[in-house]
Amino acid sequence: MFRRRRPTGPVPGSPSFDRVRTARVDSADAGLYFEASLSYGWTLEEGAGPILHPDEVARSLLLGAVRAATAEHPVLHVDEAQSAANRELSREITTDDRITVVGHVRLGISADTEARARARHLAAERVRREEDERIMRLQVLRERVLSQDLGLVWWLERNGTSQGAAGPAQWTRELIESHGELVAALRREHAVTETREDALLRARVDEALALVADPETAARFARHLGDYIAHIPARPSDE
């Protein structure tokens, strides 16, 4: 998917323009740039105001259009960035009403830029994998602590034998108390989540009732809704 190449001028079959320039243009990766080969031309508009350096103005407008497109793409995605830039250049640039600019761009990246971009990509993937593994470990830990059958046994086995001056009996009591406190804290956290969900549900129900103008109809709707909710099976707990 990734390919390094250097821009070598207009793509065969593209329109022929009388001016060629090279420049660096932005990518979505901070500090990494595409190498752009710009082929372009311009015409002055009759009756417009004077323009002292039309070629500089034309290049500035052209580069602005190219950079706006390439800045959305990672530097390794050369083909996508080039296609996006040339879509922008498929229309005449008339931002300055004194001049009309047309052009085409070919993009590439240097070997150094490619190496730096690949190193960043690998580092980012490593961080994402480590974070995914960390989240999975925390989820497994939570499940073990809240397990109704093995939670306490797992906690005792995980924390080993008596440490320091505490005897086995005291150490075991302290572990049982710490397990209970941890379970209670996790359940409180779960209860807070449930309370927020319930509050949102009540707000939605109140909103629906407010839409019913007739009080008798609203009361009947509320009764039917209550009967319906009463028959919804309770969600299984995490215990």
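In the predicted model, Asn 86 touches His 104 and Val 105, leaving aside residues up to four places away in sequence. Asn 86 belongs to helix H2. Its relative accessibility is 17%, and since the cut-off for a buried residue is under 20%, Asn 86 counts as buried. Helix H2, formed by residues 78-89, lies across strands S2 and S3 and runs at about 170 degrees to S3.

The protein chain as a whole contains 6 helices and 3 strands. Read from the N terminus, its elements follow the order β-β-α-α-β-α-α-α-α. Of the 239 residues in the protein chain, 25% are buried. Among contacts in the protein chain with a separation of 6 or more, 66% are made by residues 24 or more positions apart.

The 3 strands form an open sheet in the order S1-S2-S3, and their pairing is antiparallel. From one strand to the next, the twist averages 35 degrees. In general, the strands of a sheet pair through backbone hydrogen bonds, in either a parallel or an antiparallel sense.

S1 and S2 are joined in the antiparallel sense over 8 bridges. In this pairing, Val 20 stands opposite Ser 39 in S2. The hairpin of S1 and S2 has 6 residues between the strands, and within this hairpin Gly 31 takes a positive phi near 85 degrees.

Strand S2, residues 33-44, also pairs with S3, again in the antiparallel sense, over 10 bridges. Ser 37 stands opposite Arg 106 in S3, and Thr 43 stands opposite Thr 100 in S3.

With a relative accessibility of 0%, Val 101 counts as buried. Leaving aside residues up to four places away in sequence, the residues that Val 101 touches are Gly 41, Trp 42, Ala 58, Leu 61, Leu 62, Glu 92 and Ile 93. The C-alpha atom of Val 101 is separated by 8.5 Å from that of Arg 59, a residue 42 positions away along the chain.

Leu 44 is found in strand S2. Its relative accessibility of 45% falls between the limits of 20% and 50%, and Leu 44 therefore counts as partly exposed. With residues up to four places away in sequence again not counted, Leu 44 touches Ile 51, Pro 54, Arg 98 and Ile 99. Leu 44 and Asp 97 are 53 residues apart along the chain, while their C-alpha atoms are separated by 8.9 Å.

A further packing arrangement involves helix H3 (residues 111-146) and helix H4 (residues 151-158), which pack at an angle of about 115 degrees with their axes 6 Å apart. On the H3 side, the contact is made by Leu 141, Arg 144 and Val 145; on the H4 side, it is made by Gly 151, Trp 154, Trp 155 and Arg 158. Classified by residue type, the contact of H3 with H4 comprises 4 nonpolar, 1 polar and 2 charged residues.

Empty space was also examined. Rolling a probe the size of a water molecule over the atoms shows where such space is left. The largest pocket holds about 180 Å³ of space. Its lining consists of 12 residues, and those lying nearest its centre are Asp 29, Pro 74, Leu 76, Ala 117 and His 121. By class, 7 of the lining residues of the largest pocket are nonpolar, 2 are polar and 3 are charged.

Methods:
Residues are numbered from 1 along each chain as its sequence is written. This is a predicted model: local features need pLDDT of at least 70, side-chain atom pairs count only at pLDDT 80 or more; totals for chains, interfaces and linings use all residues. Side-chain values use heavy atoms; hydrogens and water are left out. On a 1 Å grid over the protein atoms alone, a cavity is a set of points where a 1.4 Å probe fits but cannot get out, and a pocket is an open set with protein on both sides within 12 Å along at least five of seven lines; lining residues have an atom within 4 Å of a point. Grid points are joined across faces, edges and corners, and a volume is the space filled by probe spheres set on the points. Ala, Val, Leu, Ile, Met, Phe, Trp, Tyr, Cys and Pro count as nonpolar, Asp, Glu, Lys and Arg as charged, and the others, Gly among them, as polar. Two strands pair if DSSP finds at least two bridges between them. Helices (H or I, at least four residues) and strands (E, at least two) are DSSP runs, numbered from the N terminus. Axes are lines fitted to C-alpha atoms, for helices over the stretch in contact, and angles run from 0 to 180 degrees between N-to-C directions. Contact means heavy atoms within 4.5 Å. Buried means under 20% relative accessible area, exposed over 50%, partly exposed in between (1.4 Å probe, protein chains only).
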